[in-house]
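User: I'm new to reading protein models and would like to go through this one step by step. Could you start with the terms and then take my questions?

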Amino acid sequence: MRYLLPLVAGAALVAALASPAQAAPASNEWTADVGGRAVTWGGSPRTGLIELGSHRLAQPANAVTAAVTGDGVVDVRGLRADGQWTEWLEAPATLPVTTSTIETRVVLSSGKASRVKLTATQAPATVAADDVSVAAAGRSYRVYATREGLVGGTTANGHVIRSRDHFVALPSRRGLAGKNSGNYSVQVCASNGRCEWAPVWDVGPWNTKDDYWNPAATREMWKDLPQGKPEAQAAYENNYNGGKDQFGREVANPAGIDLADGTFWDGLKLTNNAWVTVTYLWTGSGPVGTVRTADAAGTVNVRSGATSTASQVGIAANYAQVRVTCQLTGQSVTGTQGTSNVWYRIASGKHVAKAYVAGVSGATAC
């Protein structure tokens, strides 16, 4: 069950990205006008987020500073060599990679911002040289999952929650994907063997700066906790922080992830809050694809084999990204990506038809 926070699920954050008439010249100092961009507000106190888009640097860099005219702070991320993004970091920030492309967004807590000035430089690395896990699938931890509910509410990226929706919430905006995007997605597996691949569209539960999947060197808060242990779990089980979250509230459960109703009931077939295994897919490496269905709220069946008659062992939500371990030939399927007899293995004993997955490159044969 969800508990509302000042900057968390139900606190809506997001704005449409305005497309410039022409590409801006590459530079390491640039400004972005914020005024006039639509912002969705919500929460208590009201909070909002404005996506400013990407900027091409004249010289590769790993450090970004930002000055905001008006209210707000700036989050930045860099494009990795594999085409994926680093996590969002609040500026000033040193990224885990040297990059030629920076993306920015403004987080508002009151009032409004009119302009942002940014500078990118090459600085001595203060974090790991790369934030990609050695394991191809990504970092994976066992955490307690609760059902979000809140149908009709608005998530942190501006998505209006539907009945039996498919997404998750994590207690840090560092892994918050944009609306109708899945560049931050998770694989959630229950003890019954079922899994769902879903995008991260909300912030929570309990905390908003607890990227517990990261090592102490880069974790935003609670650096003394073991990697993979949410602060809420430590507070609930061990009276950490006096048993309270970052807002001083008594923690009533050890949740480290919230699941939308469809993910909870249909994807994992859960009936009660439960311990699950979560893989944070953007921390992985190797071929990646994006699930695409004809219906924006659609899902794709994940099968135990490369045929639509194989047992259903989970689902993948529209917009979710999946890590492809290998590909094999199976039953021909027609979907949003055409007709193909190729199937992707996205975990041991878990397969999805290529006909519903876009953008995979470099997958090898199983």
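Analyst: Let's start with what a cavity is: on a 1 Å grid over the protein atoms alone, it is a set of points where a 1.4 Å probe fits but cannot get out, and its lining residues have an atom within 4 Å of a point. Grid points are joined across faces, edges and corners, and a volume is the space filled by probe spheres set on the points. This is a predicted model, where local features need pLDDT of at least 70, side-chain atom pairs count only at pLDDT 80 or more, and totals for chains, interfaces and linings use all residues. Residues are numbered from 1 along each chain as its sequence is written, and side-chain values use heavy atoms, with hydrogens and water left out.

User: How many cavities of 30 Å³ or more are there?
Analyst: Go by the probe rule, where a cavity is a place the probe cannot get out of. With the cut-off at 30 Å³ or more, the count is two.

User: Which domains does the largest cavity lie between?
Analyst: Its space is about 50 Å³, and the lining includes R162, W201, A296 and Y319. Domain bounds here come from an automatic or database domain assignment. Both domains give residues to the lining, so the largest cavity lies between domain 2 (140-283) and domain 3 (288-358).

User: How many charged residues are in the lining of the largest cavity?
Analyst: Here's the sorting: Ala, Val, Leu, Ile, Met, Phe, Trp, Tyr, Cys and Pro count as nonpolar, Asp, Glu, Lys and Arg as charged, and the others, Gly among them, as polar. The lining has five nonpolar and three polar residues, and the charged ones number two.

User: Which strand gives the most to the lining of the second largest cavity?
Analyst: Helices (H or I, at least four residues) and strands (E, at least two) are DSSP runs, numbered from the N terminus. The second largest cavity has about 40 Å³ of volume, and Q321, V322 and R323 are among its lining residues. With three residues, the top contributor is strand β16 (residues 321-323).

User: Which strands flank β13 in its open sheet?
Analyst: Two strands pair if DSSP finds at least two bridges between them. Strand β13 (residues 288-291) has three bridges to β16, running antiparallel, and T290 stands opposite Q321 there. The order of this three-strand sheet is β16-β13-β20, so its flanking strands are β16 and β20.

User: Is A358 buried or partly exposed?
Analyst: A358 is found in strand β20, and it touches G289, T290, R292 and Q337, leaving out residues up to four places away in sequence; a contact means heavy atoms within 4.5 Å. Buried means under 20% relative accessible area, exposed over 50%, and partly exposed in between (1.4 Å probe, protein chains only). At 22%, A358 is partly exposed.

User: Which strands stand at the edges of the six-strand sheet?
Analyst: The open sheet has the order β1-β6-β2-β5-β3-β4, with antiparallel pairing. Inside that order, eleven bridges join β2 (residues 48-70) to β5 (residues 93-108), and R56 stands opposite T101 in β5. Each edge strand has a single partner, so one side is left without a neighbour, and these edge strands are β1 (29-33) and β4 (89-90).

User: What is omega near for the peptide bond from G204 to P205?
Analyst: P205 sits in the loop between β10 (195-203) and α1. The bond from G204 to P205 is cis, and its omega is near 5°.

User: Is W222 buried or exposed?
Analyst: W222 also has its place in the loop between β10 and α1. Its phi is positive, near 60°, in a residue other than glycine. With a relative accessible area of 13%, W222 is buried.

Notes. 1 Å grid on protein atoms, 1.4 Å probe; cavity = no way out; pocket = protein on both sides within 12 Å on 5 of 7 lines; lining within 4 Å.
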